[in-house]
Amino acid sequence: MRRVAVIGVGVTRFGKHERISAELFAEAAADAIHDADIAPSAVQALYYGNVTGGEGERQLHMGPLAATLLGLPTIRTTRFENACATSHAAFRHAVMEIGAGVSDVVLVGGAERVLNIPTDAATEYFAYCSEASYEQSVGLTFPGVFALIARAHMAKYGTTEEQMAHVAVKNHRHGVLNPKAQFQKEISLETVLKSAYVADPLKLFDCCPFTDGGAALVLAAEEVARKRPRAVWVLGTEAASDTMFMHEKRDLSRVLATERAAAGAYRQAGKTPADVDVVELHDCFTIAEIVATEGLGFFEPGAGGLAAEKGWTSLGGKLPVNPSGGLKAKGHPIGATGAAQIAEIVTQLRGEAGLRQVEGARTGLTHTLGGNTATVLVSLFGRG
(Lines give C-alpha, C1' and ligand atoms only; values in the text may rest on other atoms or scores of the structure.)
Protein backbone atom coordinates (compact mmCIF):
# COMPACT_ATOMS: atom_id res chain seq x y z
CA MET A 1 0.00 0.00 0.00
CA ARG A 2 1.22 3.51 -0.82
CA ARG A 3 1.42 6.14 1.94
CA VAL A 4 -1.47 8.61 1.95
CA ALA A 5 -1.63 12.15 3.36
CA VAL A 6 -4.23 14.84 3.91
CA ILE A 7 -3.02 17.87 1.96
CA GLY A 8 -6.09 20.12 2.14
CA VAL A 9 -8.99 20.76 4.53
CA GLY A 10 -12.14 22.89 4.38
CA VAL A 11 -15.05 23.30 6.81
CA THR A 12 -18.08 25.59 6.61
CA ARG A 13 -19.41 27.46 9.59
CA PHE A 14 -21.64 25.05 11.52
CA GLY A 15 -25.20 26.12 12.38
CA LYS A 16 -28.30 27.00 10.38
CA HIS A 17 -27.88 27.52 6.63
CA GLU A 18 -30.32 28.35 3.83
CA ARG A 19 -28.38 26.47 1.13
CA ILE A 20 -28.83 22.81 0.22
CA SER A 21 -26.34 20.30 1.62
CA ALA A 22 -24.53 19.79 -1.71
CA GLU A 23 -23.89 23.54 -1.86
CA LEU A 24 -22.49 23.46 1.68
CA PHE A 25 -20.15 20.66 0.66
CA ALA A 26 -19.10 22.59 -2.46
CA GLU A 27 -18.07 25.55 -0.25
CA ALA A 28 -16.00 23.31 2.02
CA ALA A 29 -14.50 21.44 -0.94
CA ALA A 30 -13.46 24.64 -2.73
CA ASP A 31 -11.66 25.72 0.45
CA ALA A 32 -9.99 22.31 0.76
CA ILE A 33 -8.76 22.37 -2.85
CA HIS A 34 -7.39 25.91 -2.34
CA ASP A 35 -5.74 24.80 0.93
CA ALA A 36 -4.13 21.86 -0.91
CA ASP A 37 -2.71 24.23 -3.53
CA ILE A 38 -3.73 21.96 -6.41
CA ALA A 39 -5.69 22.57 -9.60
CA PRO A 40 -9.30 21.30 -9.36
CA SER A 41 -8.57 19.19 -12.43
CA ALA A 42 -6.11 17.14 -10.34
CA VAL A 43 -9.02 15.62 -8.37
CA GLN A 44 -9.77 12.16 -9.77
CA ALA A 45 -12.63 10.98 -7.54
CA LEU A 46 -15.14 12.18 -4.96
CA TYR A 47 -16.36 10.19 -1.97
CA TYR A 48 -19.35 12.10 -0.59
CA GLY A 49 -21.22 11.49 2.67
CA ASN A 50 -24.84 12.38 3.41
CA VAL A 51 -27.54 10.70 5.48
CA THR A 52 -30.89 12.53 5.42
CA GLY A 53 -30.89 14.12 1.96
CA GLY A 54 -33.61 11.80 0.67
CA GLU A 55 -35.98 12.70 3.52
CA GLY A 56 -35.07 16.35 4.07
CA GLU A 57 -34.21 17.56 0.56
CA ARG A 58 -35.85 14.93 -1.69
CA GLN A 59 -32.40 14.49 -3.16
CA LEU A 60 -30.73 11.16 -3.74
CA HIS A 61 -27.80 10.53 -6.11
CA MET A 62 -25.89 13.29 -4.38
CA GLY A 63 -22.35 12.48 -5.46
CA PRO A 64 -22.76 13.69 -9.04
CA LEU A 65 -24.69 16.74 -7.81
CA ALA A 66 -21.87 17.74 -5.45
CA ALA A 67 -19.29 17.22 -8.20
CA THR A 68 -21.37 19.24 -10.67
CA LEU A 69 -21.68 22.16 -8.25
CA LEU A 70 -17.89 22.06 -7.87
CA GLY A 71 -17.42 22.29 -11.63
CA LEU A 72 -16.09 18.71 -11.77
CA PRO A 73 -19.03 16.82 -13.33
CA THR A 74 -16.95 14.09 -14.97
CA ILE A 75 -14.97 12.76 -11.99
CA ARG A 76 -15.93 9.42 -10.43
CA THR A 77 -18.35 9.88 -7.52
CA THR A 78 -19.66 7.62 -4.79
CA ARG A 79 -22.15 8.51 -2.04
CA PHE A 80 -21.67 7.00 1.42
CA GLU A 81 -24.25 6.46 4.17
CA ASN A 82 -23.05 4.96 7.44
CA ALA A 83 -25.14 6.90 9.99
CA CYS A 84 -23.06 9.43 11.94
CA ALA A 85 -19.83 7.73 10.81
CA THR A 86 -20.63 8.42 7.15
CA SER A 87 -17.78 10.67 6.03
CA HIS A 88 -15.21 8.90 8.22
CA ALA A 89 -16.14 5.69 6.36
CA ALA A 90 -15.83 7.58 3.07
CA PHE A 91 -12.38 8.77 4.17
CA ARG A 92 -11.20 5.23 4.90
CA HIS A 93 -12.28 4.02 1.45
CA ALA A 94 -10.58 7.00 -0.20
CA VAL A 95 -7.36 6.12 1.66
CA MET A 96 -7.61 2.57 0.32
CA GLU A 97 -8.24 3.80 -3.27
CA ILE A 98 -5.09 5.91 -3.17
CA GLY A 99 -3.10 3.30 -1.24
CA ALA A 100 -3.97 0.70 -3.88
CA GLY A 101 -2.71 2.95 -6.66
CA VAL A 102 -6.10 3.52 -8.32
CA SER A 103 -5.99 7.31 -7.85
CA ASP A 104 -3.40 9.88 -6.77
CA VAL A 105 -5.77 12.63 -5.53
CA VAL A 106 -9.24 12.08 -4.04
CA LEU A 107 -11.70 14.56 -2.56
CA VAL A 108 -13.70 13.23 0.39
CA GLY A 109 -16.16 14.66 2.90
CA GLY A 110 -19.83 15.26 3.42
CA ALA A 111 -22.63 17.63 4.30
CA GLU A 112 -26.00 17.68 6.03
CA ARG A 113 -28.90 20.10 6.27
CA VAL A 114 -31.57 19.37 8.89
CA LEU A 115 -32.39 22.68 10.59
CA ASN A 116 -34.97 23.36 7.88
CA ILE A 117 -36.91 20.33 9.16
CA PRO A 118 -39.19 20.35 12.26
CA THR A 119 -37.41 18.81 15.27
CA ASP A 120 -39.82 15.89 15.60
CA ALA A 121 -39.34 14.98 11.93
CA ALA A 122 -35.53 15.28 12.17
CA THR A 123 -35.58 13.08 15.28
CA GLU A 124 -37.56 10.48 13.34
CA TYR A 125 -35.15 10.60 10.38
CA PHE A 126 -32.15 10.16 12.68
CA ALA A 127 -33.90 7.21 14.32
CA TYR A 128 -33.93 5.46 10.92
CA CYS A 129 -30.26 4.72 11.73
CA SER A 130 -31.42 2.39 14.53
CA GLU A 131 -33.11 -0.99 14.09
CA ALA A 132 -36.54 -0.59 12.50
CA SER A 133 -38.44 -3.82 13.20
CA TYR A 134 -38.21 -4.03 17.00
CA GLU A 135 -36.61 -0.84 18.37
CA GLN A 136 -37.98 2.10 16.37
CA SER A 137 -41.46 0.61 16.69
CA VAL A 138 -41.34 0.88 20.50
CA GLY A 139 -40.09 4.46 20.40
CA LEU A 140 -36.37 3.97 20.96
CA THR A 141 -34.61 7.12 19.68
CA PHE A 142 -30.92 7.94 20.09
CA PRO A 143 -31.33 9.84 23.37
CA GLY A 144 -32.91 6.62 24.63
CA VAL A 145 -30.04 4.47 23.35
CA PHE A 146 -27.41 6.59 25.10
CA ALA A 147 -29.51 6.90 28.25
CA LEU A 148 -29.36 3.10 28.47
CA ILE A 149 -25.58 3.27 28.05
CA ALA A 150 -25.34 5.98 30.72
CA ARG A 151 -27.42 3.97 33.20
CA ALA A 152 -25.27 0.89 32.61
CA HIS A 153 -22.06 2.90 33.13
CA MET A 154 -23.44 4.53 36.29
CA ALA A 155 -24.49 1.17 37.71
CA LYS A 156 -21.20 -0.57 36.94
CA TYR A 157 -18.70 2.19 37.77
CA GLY A 158 -20.54 4.80 39.82
CA THR A 159 -20.28 7.47 37.10
CA THR A 160 -22.37 10.50 38.06
CA GLU A 161 -24.59 12.99 36.26
CA GLU A 162 -22.18 15.70 37.44
CA GLN A 163 -19.24 13.97 35.75
CA MET A 164 -21.22 13.82 32.51
CA ALA A 165 -22.02 17.52 32.92
CA HIS A 166 -18.27 18.26 33.11
CA VAL A 167 -17.97 16.95 29.53
CA ALA A 168 -20.58 19.44 28.32
CA VAL A 169 -18.99 22.37 30.19
CA LYS A 170 -15.53 21.51 28.82
CA ASN A 171 -16.64 21.16 25.20
CA HIS A 172 -18.59 24.43 25.28
CA ARG A 173 -15.49 26.11 26.74
CA HIS A 174 -13.48 24.76 23.80
CA GLY A 175 -16.19 25.79 21.33
CA VAL A 176 -15.76 29.43 22.32
CA LEU A 177 -12.28 29.20 20.76
CA ASN A 178 -13.58 27.85 17.43
CA PRO A 179 -14.98 30.57 15.11
CA LYS A 180 -16.86 27.94 13.08
CA ALA A 181 -18.59 26.26 16.05
CA GLN A 182 -22.38 26.30 16.27
CA PHE A 183 -22.28 27.31 19.95
CA GLN A 184 -19.61 29.79 21.01
CA LYS A 185 -20.84 30.36 24.54
CA GLU A 186 -19.65 28.88 27.82
CA ILE A 187 -22.14 27.10 30.08
CA SER A 188 -21.94 26.29 33.79
CA LEU A 189 -22.22 22.98 35.60
CA GLU A 190 -25.42 24.26 37.17
CA THR A 191 -26.90 25.05 33.74
CA VAL A 192 -26.34 21.47 32.62
CA LEU A 193 -27.59 19.86 35.81
CA LYS A 194 -30.73 22.00 35.97
CA SER A 195 -31.69 21.52 32.32
CA ALA A 196 -34.71 19.40 31.46
CA TYR A 197 -34.42 15.64 31.18
CA VAL A 198 -34.58 14.35 27.61
CA ALA A 199 -34.08 10.67 28.45
CA ASP A 200 -33.19 10.01 32.10
CA PRO A 201 -30.33 10.49 33.08
CA LEU A 202 -29.49 12.59 30.00
CA LYS A 203 -30.61 16.21 30.07
CA LEU A 204 -30.88 18.81 27.35
CA PHE A 205 -27.29 20.01 27.78
CA ASP A 206 -25.97 16.42 27.71
CA CYS A 207 -27.12 16.23 24.06
CA CYS A 208 -25.47 17.57 20.91
CA PRO A 209 -27.57 19.78 18.61
CA PHE A 210 -28.98 19.29 15.13
CA THR A 211 -26.65 21.11 12.73
CA ASP A 212 -26.22 22.16 9.11
CA GLY A 213 -22.71 22.16 7.66
CA GLY A 214 -20.14 20.66 5.34
CA ALA A 215 -16.54 19.46 5.56
CA ALA A 216 -14.02 18.31 2.94
CA LEU A 217 -10.54 16.82 2.73
CA VAL A 218 -8.09 16.44 -0.15
CA LEU A 219 -6.12 13.20 0.09
CA ALA A 220 -3.02 12.50 -1.96
CA ALA A 221 -0.48 9.78 -2.62
CA GLU A 222 3.05 10.21 -1.25
CA GLU A 223 4.37 11.27 -4.66
CA VAL A 224 2.08 14.32 -4.53
CA ALA A 225 2.08 14.93 -0.76
CA ARG A 226 5.84 14.94 -0.15
CA LYS A 227 6.09 18.19 -2.14
CA ARG A 228 3.82 19.88 0.42
CA PRO A 229 5.38 20.64 3.82
CA ARG A 230 1.95 21.01 5.52
CA ALA A 231 0.88 17.47 4.60
CA VAL A 232 -0.39 15.33 7.49
CA TRP A 233 0.07 11.60 7.07
CA VAL A 234 -2.53 8.92 7.61
CA LEU A 235 -0.85 6.47 10.01
CA GLY A 236 -3.76 4.06 10.33
CA THR A 237 -7.51 3.85 9.70
CA GLU A 238 -9.80 1.04 10.80
CA ALA A 239 -13.52 0.28 10.89
CA ALA A 240 -15.44 -2.09 13.13
CA SER A 241 -19.06 -3.14 13.48
CA ASP A 242 -21.30 -4.63 16.15
CA THR A 243 -24.81 -6.04 16.34
CA MET A 244 -27.67 -3.67 15.47
CA PHE A 245 -29.85 -5.15 18.23
CA MET A 246 -29.55 -3.40 21.58
CA HIS A 247 -30.75 -6.53 23.39
CA GLU A 248 -27.77 -8.47 21.98
CA LYS A 249 -25.18 -6.05 23.43
CA ARG A 250 -23.99 -7.90 26.53
CA ASP A 251 -22.37 -4.94 28.30
CA LEU A 252 -23.87 -1.53 27.53
CA SER A 253 -21.15 0.23 29.51
CA ARG A 254 -18.69 -0.58 26.70
CA VAL A 255 -18.68 0.03 22.93
CA LEU A 256 -16.92 -3.05 21.60
CA ALA A 257 -16.69 -1.67 18.07
CA THR A 258 -14.64 1.26 19.40
CA GLU A 259 -12.24 -1.13 21.12
CA ARG A 260 -11.83 -3.26 17.97
CA ALA A 261 -11.42 -0.30 15.61
CA ALA A 262 -8.90 1.33 17.95
CA ALA A 263 -6.85 -1.87 18.22
CA GLY A 264 -6.66 -2.11 14.43
CA ALA A 265 -5.74 1.55 13.94
CA TYR A 266 -3.03 1.48 16.64
CA ARG A 267 -1.58 -1.70 15.09
CA GLN A 268 -1.45 -0.15 11.60
CA ALA A 269 0.17 3.02 12.95
CA GLY A 270 2.63 1.27 15.26
CA LYS A 271 1.35 3.51 18.06
CA THR A 272 -0.21 3.11 21.50
CA PRO A 273 -2.71 5.33 23.34
CA ALA A 274 0.23 6.89 25.19
CA ASP A 275 1.57 8.26 21.88
CA VAL A 276 -1.57 10.34 21.14
CA ASP A 277 -1.36 14.10 21.80
CA VAL A 278 -4.83 15.31 20.71
CA VAL A 279 -8.19 13.63 20.09
CA GLU A 280 -11.43 14.43 18.28
CA LEU A 281 -14.03 11.85 19.30
CA HIS A 282 -17.76 11.24 19.03
CA ASP A 283 -19.51 13.09 21.87
CA CYS A 284 -23.08 12.97 20.53
CA PHE A 285 -24.05 12.69 24.20
CA THR A 286 -21.77 13.40 27.16
CA ILE A 287 -21.71 9.74 28.21
CA ALA A 288 -20.48 8.86 24.71
CA GLU A 289 -17.27 10.84 25.30
CA ILE A 290 -16.68 9.15 28.66
CA VAL A 291 -17.15 5.65 27.22
CA ALA A 292 -15.00 6.48 24.17
CA THR A 293 -12.04 7.72 26.22
CA GLU A 294 -12.05 4.33 27.94
CA GLY A 295 -12.58 2.27 24.77
CA LEU A 296 -9.75 4.08 22.99
CA GLY A 297 -7.41 3.09 25.82
CA PHE A 298 -6.75 6.54 27.29
CA PHE A 299 -8.24 5.70 30.69
CA GLU A 300 -9.06 2.50 32.54
CA PRO A 301 -12.68 1.25 32.31
CA GLY A 302 -14.74 3.32 34.72
CA ALA A 303 -12.22 6.20 34.91
CA GLY A 304 -13.59 8.27 32.01
CA GLY A 305 -15.97 10.20 34.26
CA LEU A 306 -13.19 11.01 36.71
CA ALA A 307 -11.00 12.21 33.82
CA ALA A 308 -13.71 14.67 32.78
CA GLU A 309 -14.25 15.83 36.38
CA LYS A 310 -10.53 16.40 36.99
CA GLY A 311 -10.00 18.33 33.75
CA TRP A 312 -7.60 15.78 32.31
CA THR A 313 -9.35 16.02 28.90
CA SER A 314 -9.43 19.83 28.77
CA LEU A 315 -7.08 22.04 26.78
CA GLY A 316 -4.00 22.21 29.00
CA GLY A 317 -4.85 18.83 30.56
CA LYS A 318 -3.14 15.44 30.22
CA LEU A 319 -4.86 14.64 26.91
CA PRO A 320 -7.01 17.34 25.26
CA VAL A 321 -10.20 15.83 23.87
CA ASN A 322 -12.38 17.68 21.37
CA PRO A 323 -10.51 21.00 21.27
CA SER A 324 -12.85 22.01 18.43
CA GLY A 325 -15.81 21.95 20.85
CA GLY A 326 -16.78 18.46 19.67
CA LEU A 327 -20.20 17.52 18.43
CA LYS A 328 -21.59 19.04 21.61
CA ALA A 329 -20.59 22.66 20.86
CA LYS A 330 -19.05 22.71 17.37
CA GLY A 331 -22.14 20.89 16.09
CA HIS A 332 -23.07 17.59 14.44
CA PRO A 333 -24.04 17.72 10.74
CA ILE A 334 -24.00 13.95 10.63
CA GLY A 335 -22.85 13.46 7.03
CA ALA A 336 -19.95 15.87 7.59
CA THR A 337 -18.93 15.04 11.15
CA GLY A 338 -16.16 12.50 10.48
CA ALA A 339 -14.48 14.72 7.88
CA ALA A 340 -14.76 17.74 10.20
CA GLN A 341 -13.07 15.80 13.00
CA ILE A 342 -10.20 14.89 10.66
CA ALA A 343 -9.95 18.51 9.46
CA GLU A 344 -9.54 19.61 13.10
CA ILE A 345 -6.79 17.07 13.79
CA VAL A 346 -4.96 18.07 10.59
CA THR A 347 -5.21 21.73 11.66
CA GLN A 348 -3.88 20.85 15.12
CA LEU A 349 -0.94 18.83 13.77
CA ARG A 350 -0.04 21.67 11.42
CA GLY A 351 0.05 24.00 14.44
CA GLU A 352 -2.63 26.23 12.87
CA ALA A 353 -5.47 25.94 15.42
CA GLY A 354 -5.00 29.38 16.96
CA LEU A 355 -6.37 29.83 20.48
CA ARG A 356 -7.39 26.16 20.75
CA GLN A 357 -3.97 24.84 19.63
CA VAL A 358 -2.61 21.86 21.56
CA GLU A 359 1.03 22.82 21.89
CA GLY A 360 3.53 20.37 20.47
CA ALA A 361 0.91 17.98 19.07
CA ARG A 362 2.57 15.42 16.77
CA THR A 363 0.09 12.53 16.76
CA GLY A 364 -3.70 12.86 16.61
CA LEU A 365 -6.65 10.47 16.65
CA THR A 366 -10.21 10.69 15.34
CA HIS A 367 -13.11 8.48 16.43
CA THR A 368 -16.58 8.50 14.87
CA LEU A 369 -19.49 6.36 16.00
CA GLY A 370 -22.42 5.45 13.76
CA GLY A 371 -25.98 4.72 14.87
CA ASN A 372 -26.64 2.64 17.97
CA THR A 373 -22.89 1.90 18.40
CA ALA A 374 -23.04 -0.57 15.48
CA THR A 375 -20.38 1.22 13.40
CA VAL A 376 -17.13 2.86 14.53
CA LEU A 377 -14.19 4.33 12.62
CA VAL A 378 -10.85 5.21 14.24
CA SER A 379 -7.94 6.88 12.43
CA LEU A 380 -4.49 8.07 13.47
CA PHE A 381 -2.49 10.92 11.94
CA GLY A 382 1.04 12.28 12.25
CA ARG A 383 3.58 14.73 10.83
CA GLY A 384 6.76 13.77 9.00
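**Close-up views of a predicted model**

A search of the whole structure, which is a predicted model, finds 8 aromatic pairs.

**View 1. Phenylalanine 91 and phenylalanine 381 form a tilted aromatic pair.** The ring centres of phenylalanine 91 and phenylalanine 381 are 5.7 Å apart, and 45 degrees separate the planes of the two rings.

**View 2. Helix α1 and helix α3 cross at roughly 50 degrees.** Two packed helices are described by the angle between their axes together with the distance between those axes. Here the axes of helix α1 (residues 21-36) and helix α3 (residues 62-69) come within 9 Å and cross at roughly 50 degrees, which makes α1 oblique to α3. The crossing in which α1 passes α3 is right-handed. On the α1 side the contact is made by Ser21, Ala22, Glu23, Phe25 and Ala26, while on the α3 side it is made by Met62, Leu65, Ala66 and Leu69. Sorted by class, the residues of this contact of α1 with α3 are 7 nonpolar, 1 polar and 1 charged.

**View 3. Leucine 349 is a buried residue of helix α14.** Helix α14 spans residues 337-350 and contains leucine 349, which counts as buried because its relative accessibility is 3%, under the 20% cut-off. When residues up to four places away in sequence are not counted, leucine 349 touches Val232, Val278, Ala361, Arg362, Thr363, Gly364, Phe381, Gly382 and Arg383. One of these contacts, Phe381, is also a member of the aromatic pair in View 1. Serine 103 lies 246 residues from leucine 349 along the chain, and the C-alpha atoms of these two residues are separated by 25 Å.

**View 4. Proline 301 is an exposed residue in the loop between α11 and α12.** The loop that holds proline 301 runs between α11 (286-295) and α12 (304-310). Proline 301 counts as exposed because its relative accessibility is 52%, over the 50% cut-off. Leaving aside neighbours within four places in sequence, proline 301 is in contact with Tyr157 and Glu294. From C-alpha to C-alpha, proline 301 and isoleucine 290 are 9.6 Å apart in space, and in sequence they are 11 residues apart.

How values were computed: Residues numbered from 1 in each chain as written. Predicted model: local features only at pLDDT ≥ 70, side-chain atom pairs only at ≥ 80, totals over all residues. Heavy atoms only, no water. Axes fitted to C-alpha atoms, helices over the stretch in contact; angles between N-to-C directions. Helix = DSSP H or I, 4+ residues; strand = E, 2+ residues; numbered from the N terminus. Parallel < 35°, antiparallel > 145°, perpendicular 65-115°, else oblique. Left-handed = near helix turned anticlockwise from the far one by under 90°. Contact = heavy atoms within 4.5 Å. Nonpolar A, V, L, I, M, F, W, Y, C, P; charged D, E, K, R; others polar. Phe/Tyr/Trp six-rings, centres within 6.5 Å; stacked < 30°, edge-to-face > 60°. Buried < 20%, exposed > 50% of the residue type's maximum accessible area, 1.4 Å probe, protein only.
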